[in-house]
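Welcome, and thanks for taking a look at this one with us. Please open the sequence and the model side by side before reading on.

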Amino acid sequence: MAEKTTIALIGNPNSGKTTIFNALTGSRQHVGNWPGKTVEKKEGKSTHKGYELEVVDLPGTYSLTAYSIEELISRNYVVNEKPDVVVDILDSTNLERNLYLAIQLIEMGANMVLAFNMSDLADSEGLEINTDLISRYLNVPIIKTSARDGSGLDELKDAVIDVLESGNGYERDEGRSGRPTINYGKEVEEHLEEFTEYITGNIEIPEKYNPRWVAIKLLEGDEEIIKLVKELDNSRIVLKESRRLQNHLKAIFGEDVETIVADARYGFIHGIVMESVERKRREKSFSDHVRKAVSKPFWGISLAVGSILGLAFLFAGGLIMESAYGFLESVNSPEWLTLILADTILAGLGAITVYLPFMVLFFIIYAALEGGGVIGGADSLSDHIDRVAMNRVIGIPLFLLLMLIAFNLTFEVAAPLSDVVDWFISDVVGGFVEGLLFSVNAPGWLLSLALDGAVAGVGSVLVFVPFIFMMFLVIAILEDSGYMARAAFVMDRFMHKIGLHGKSFIPLILGFGCNVPAIMATRVLESRKDRILTILINPFMSCGARLPVYLLFAAAFFTGSISVFGFTVSTETAVIYSLYLLGMGVAIVIGFIFKNTLFKGLSSPFVMELPPYRMPTLRGVLTHTWERGWLFIRKAGTLIFAVVIFIWFLAALPPGVEYGSEGSYIGDVGKFISPVFAPLGFGDWRSSVSLFFGFVAKEVVVGSMGVLYGSGDVETPSGEATLVGALQGTFTPLSAYAFLVFVLLYVPCMVVVATIKREIGWRWALFTVVYTTVVAWVAAFIVYQGGLLLGFS
Amino acid sequence: MVTVKSLDELKPKQKGIIVKIKGSGATHRRLLDMGLVKGSSIDVERVAPLGDPIDVRIKGYHLSLRKEEASNILVEV
């Protein structure tokens, strides 16, 4: 019979917890490479040797004294829930700091196993770690693992079962685990012993807590433990004694207890590391790193082929594409196949590889400068990259360029794929449904429900799936590589100036994908004020769901090209970029206003780890993209499907009314709200209805327009072409732009509002609903009326 | 010659040994937890493009902090 047991995974941020979790449970879960990725604890199951293990993945934390909300989640879980075994995952390349948490867990008396993860990286950095020795010092089993290649995982599970059966924590052997307790020095130890007795003599602490640990924590001034003790009888005298001792020790040492304790812990760790870790320092030059990387066949060949392809595209891109089209035409390739092969794969490869020759050129220059002694050596490849990525002169331009490239790639690769999806839905699916319904002599209204409602509505949303996936893909790469933390570093001063925090930057960038995970990611911020502020302005970061609306309108009104700083860009692209920039601009202005009104006061500190760069794994990135993207598809199939059907009924009733006409119920709704939008240039009742339903999800704006503007003509399933035509009849370019501005800024979708409520309460959620809509109305008013004054139409 | 300076006064590529972390409260505690304890050696690696924060190396890893926080860290140069 399987016994049920709980295993908690804890560890510093970036120690590879989530990868271990995935390997243990087989669950798909995202791994990011910036501090604070697992924002909530995740659970999964694993079985080993007849045990059923409930594995809990906790947010990364540096210490058992919590600093941010997500650290508090981890801390409270291991302290209060008492999992059967705690597995502390450590980054072997950064042992000293990682052992700090391990030491605290040992002091607490948890049943535990240490996993020295990323052992492959430690090997390649020339670190020789004597785990047997450390294990003997700490009296805790240590397993070397590498979540990347899966080594050590079975041994880890074995060790977990061992500990499960024998126990090595405080509770199982009443404190006589033989574990070394850290010696805080004679003076402190004497007081600690006395105080421990004083505590056990005066209050009844729950059995699961080790009294010595409680004593240390009280003296350290740990707020959570103070809170816990306060609830017990007689707590007052214990807390008083604790304060007395704190003052006494401070008078003797000239330092507060937390400093004494931290010094002693790190001192203890330093001693262990000095004896058991040997660093065969081999400072490598940049060219050594590159040589090593390209000597692996996969990377070497990819780089060579990619660069050649890139050069070819750089000089003869047009020619390559033309001959590809020519060839495909000669073999009678259908349009959709051409779109996939030529426009997506070939052009996409071109769009990516075009940057490679520049990169190689840059490598050569850098290596030459290094060889010539102009720039010195660096400890690791990460340090080499950071020299460039965080350089005083090129750091910021590089950041901006990366963002531009990232968004460009998103659009270039996704656009033709979107055409394929459109073809598939309107021609293949639409044609099939139509044929099927005709063959069974379905009544006209059913035909209309299926084609005008379901296919047109859901289809108009699904055509944007490629854009959403590409967006998530790009964000996943930026996250997993470790660049996000650099972006926070580079931008902190600027963010600080506008009243935010460097770490706010990461949630804001995530907002371009979807505001829901972005708002949850604000948990890395330590100060509640920073968190609230970052959440409040997050909806202005234009999420992927708004993109469909921009693309639809851009295709209808902003074709052609314009010249920007001498570069010719398509008007469509320029309009979409302008909206993204406008969103950021509004966020900055509103953030600044809030910071100086609602959130006056001190700014919070900025203390952030810059994790080493890691090559994102294909599997990790794809998993992540798929998970987030799948949510979008699922939403289209469920929520949006339901909404468009609902809208279809509103548009088709009362009986006898012409479908989607002003006389229908939906016409009444539209006409009721439309006067509000008239001053903004889009008083048409149908667009008002679509905005109204856009609260469900922003892409519903497109879906409902697909239903409402899609003509009742059953013969041609209403694809985008008819919708574009209908829009051109209702909007002018100016009112279309004002409409887009409104869609960008107005109330975020209901899922976001619900997330805000969960994170910071319903008052702020309500506040967000109201203030964003006011901002949107004012901004659209300025755009439309201002535009009219300037003579646009 | 040994002089005591606050960390924000150090220039990139300078290093020192921590002698004291001033202040109290959550930030003070976080600095300790991150390994900024007495006797640790600390290198200033670089300053951000806009002049703040700074990137330091401590206990073999990179940490970034604002000059404001760095001014509470006293080092022997």
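This is a predicted model: local features need pLDDT of at least 70, side-chain atom pairs count only at pLDDT 80 or more; totals for chains, interfaces and linings use all residues.

Residues are numbered from 1 along each chain as its sequence is written, chains are lettered from A and ligands numbered from 1 in the order in which they are written, and side-chain values use heavy atoms, with hydrogens and water left out.

**The contact between chains A and B**

- Chain A brings 44 residues to the contact and chain B brings 35 residues, where contact means heavy atoms within 4.5 Å.
- Together the two chains bury about 3600 Å², with 53% of it on carbon and sulfur atoms; buried area is the accessible area (1.4 Å probe) that two parts lose on being put together, summed over both.
- Of the area that chain A buries against chain B, 17% comes from Arg392(A), Phe489(A) and Val607(A), more than from any other three residues.

- Eight salt bridges are counted between chain A and chain B, each being a side-chain nitrogen of Lys or Arg within 4 Å of a carboxyl oxygen of Asp or Glu.
- One to look up is Lys20(B) with Glu255(A), whose closest N and O atoms are 3.9 Å apart.

**Elements on the chain A side**

- Elements giving two or more residues to the side of chain A that touches chain B include α3 (95–108), α17 (395–439) and α20 (483–497) of chain A; helices (H or I, at least four residues) and strands (E, at least two) are DSSP runs, numbered from the N terminus.
- With six residues, α20(A) gives the most to this side of chain A.

**A strand pairing between chains**

- β11(A) and strand β5 (residues 61–65) of chain B run antiparallel, joined by four bridges; strands pair if DSSP finds at least two bridges between them.
- Within β5(B), Leu65(B) is the residue opposite Val607(A).

**Domains and salt bridges overall**

- Chain A has domain 1 (3–166), domain 2 (186–279) and domain 3 (420–793), with bounds from an automatic or database domain assignment.
- The centres of domain 1 and domain 3 of chain A, taken over C-alpha atoms, are 39 Å apart.
- Over all chains, the structure holds 30 salt bridges.
- Glu220(A) forms a salt bridge with Lys217(A), with 3.4 Å between the closest N and O atoms.
- Both Glu220(A) and Lys217(A) lie in helix α8 (residues 211–220) of chain A, three residues apart, about one turn of the helix.
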